[in-house]
Every structure is written in structure tokens, then in C-alpha cells.
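Take a walk through this protein chain, from its overall layout to a few single residues. Keep the sequence and the 3D view side by side.

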Amino acid sequence: MHALTWGACLKKAVDSKHYAAPLDIDAVLRITGGTMAIPTGKLGSQLQLKRCPHCGIASPLFVKMWEDATTACDDRNPRIWGVYKCSTCGGVVLCGADPQFRGITEQYPRSENINEPAIPERSRNYLGQAMDSLHAPAGAVILAASSVDAMLKAKGYKQGTLNSRIDQAVKDHLITESMGKWAHEVRLDANDQRHADEAAPLPSAHDARRVIEFSKALAMFLFVFPAMVDKGLKDATQGTGNKTPVSKSV
Ligand SMILES: [Zn+2]
């Protein structure tokens, strides 16, 4: 059987008549970056976050730059909005709150965390540390590559170099050729930093984020999505799932 692309896998599952349980979209969002921590706190002069969603620094100082109120065209859905700036990286976060109690109900971008139990602990820890190290991009790149390495090991690819293990994973159709190429790029980026290659430019936060996004996608592909499908099949077998095939609008 040929390896399927991520999109094809998703479409196959959605279209499958055997897959009766709804997709756990929260699990998808937890790992793909849509979501993560639910916003909390009040719209005050400072925003309290554990980490900056842009640079990952702990206990960031976010000071409010702007505030205004909006409603929908029919005067419903009144909200107040505040924009906060990270004093470390200059990235901004937009928060929406209810006007009466000022409790924050929306946050863009949200703070990310990786709490998906389907991802093996070691890979999850490396990935979480990489996301927390965006303010130190060279370290984040190495950590993200370690996460990829740990994922392959968790899948039984333990012998040889990371280079040979990536190639073997492609040959075995564990990952697609494109994912293999991307994994090699991550490996080479990390090698540049590990060996302090003088010819290689230091990575930016953008470079680190790109590497982290790949690691997250790989975790999704190898662990999260298969676990969701297994759960869906199990629920369907036990009669606890939704008997209606998943809507294509999901
Ligand atoms: Zn920041």
C-alpha cells in the first residue's frame, strides 16, 4: 500500500463509511496550532500569560497599547478589545472580552502547549521545550530535531544515524517522500547549529517556527491522527460513537 499524504489520509477517514465517530477536532487543534490554552484573565492594563505565544519567553511582560469596543451590525455581541505588546519580542496579542466583567473570552494568537497524550512523552517534551525556546532559535531548532528523532525511535527506527533512519522510514512508507525531504532539512538545520557551522547563518525565530511546525505536523501524522482513528473505530464498534458519517464540513 502506498503511503498517503496527510490530506489524503484525512479525506479517506472523513469519507470512510467505517469511521462513524466524529473527529475529535479539539485534539486536531491542540496539535496543529489553532488553539491550545483557553484564554483566562481580565482585560486590564497588563496581560497575564505563562509564555509569549510569539517568542516563548516565560512570564512575559505584556502591556496594553490600545483598547476599543465593538458590536455586530445589529448591536448584538458587544465586546471590548485590547492589544498588548510583549516587551521582549515586540509581538502583539489581541484579546476580546465581555464589556460587563472584562473577562477575556478570545485571544489571538493563543498560547500553545502540547498536551496531546498520543504523542510519546519524550517527543512531546522535546517539542514543548522547542516551542518554549522560540526566543533562542538555535536551541529551538535543535530541540525540534530531537523531537523528530524521538518520534522515529518511538516507531521502531532506532538503528543507525538520523539520516539513515529518515530514509528507511520513507522506504517503509511510514512517512511520505515529501515528509522525508522536510525531515532531512530539519536534520541539516539542527546539524548546522550543533556543530556551530560558521558558513551557516544563525536561525531566526521564523526559521525555528518552521522547524517546529514540521515537528508538530509529523506528530499529528504519526501519532495523533492514528490514535483518533483508533478511538473512532473503537467507539463505533462499541456503539458509543455517532452513527452518522462525519460531515465533510468538519
Ligand atoms: Zn514575546
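The paragraphs below go from the fold to helix packing, the core and some local details.

This is a predicted model, in which local features need pLDDT of at least 70 and side-chain atom pairs count only at pLDDT 80 or more, while totals for chains, interfaces and linings use all residues. Residues are numbered from 1 along each chain as its sequence is written.

Start with the layout. The protein chain has 7 helices and 5 strands. Here helices (H or I, at least four residues) and strands (E, at least two) are DSSP runs, numbered from the N terminus. Read from the N terminus, the order is α-α-β-β-β-β-β-α-α-α-α-α. Of the 250 residues, 32% count as buried. A residue is buried if 20 or more other C-beta atoms lie within 10 Å of its own, exposed if 12 or fewer, and partly exposed in between, with C-beta atoms placed from the backbone. Among contacts with a separation of 6 or more, 62% link residues 24 or more positions apart. Two residues are in contact if their C-beta atoms, placed from the backbone, lie within 7 Å.

Now the helix pairs. Two packed helices are described by the angle between their axes and the distance between the axes. Axes are lines fitted to C-alpha atoms, for helices over the stretch in contact, and angles run from 0 to 180 degrees between N-to-C directions. Helix H3 (residues 121–131) and helix H7 (residues 205–238) have axes that come within 10 Å and cross at roughly 155°. H3 and H7 are therefore roughly antiparallel. Angles under 35 degrees count as roughly parallel, over 145 as roughly antiparallel, 65 to 115 as roughly perpendicular and the rest as oblique. Ser123, Leu127, Ala130 and Met131 of H3 meet Ile212, Ser215, Lys216 and Ala219 of H7. By class, this contact of H3 with H7 has 5 nonpolar, 2 polar and 1 charged residues. Ala, Val, Leu, Ile, Met, Phe, Trp, Tyr, Cys and Pro count as nonpolar, Asp, Glu, Lys and Arg as charged, and the others, Gly among them, as polar.

H5 and H6 form another pair. Their axes are 9 Å apart, at an angle of about 170°. That makes H5 roughly antiparallel to H6. The residues in contact include Ile166 and Val170 of H5, and Ala183 and Arg187 of H6. The loop between H5 and H6 holds His173. His173 has a positive phi of about 60° although it is not a glycine. With 12 C-beta neighbours inside 10 Å, His173 counts as exposed.

What lies inside? The largest nonpolar core has 52 residues, and Ala144, Val186 and Ala219 have the most contacts inside it. A nonpolar core is a set of buried Ala, Val, Leu, Ile, Met, Phe, Trp, Tyr and Cys residues joined through C-beta atoms within 7 Å. H7 supplies the largest share of this core, 13 residues. Ala219 also belongs to the H3–H7 contact.

Cys86 lies in strand E3. Cys86 counts as buried because it has 22 C-beta neighbours inside 10 Å. Among the residues that Cys86 touches are Cys52, His54 and Cys55. Ser59 sits in the loop between strand E1 (46–47) and strand E2 (62–70). Ser59 has a positive phi of about 45°. A cis peptide bond joins Tyr108 and Pro109, with omega about -10°.

Terms used: Lists of a residue's contacts leave out its neighbours within four places in sequence.
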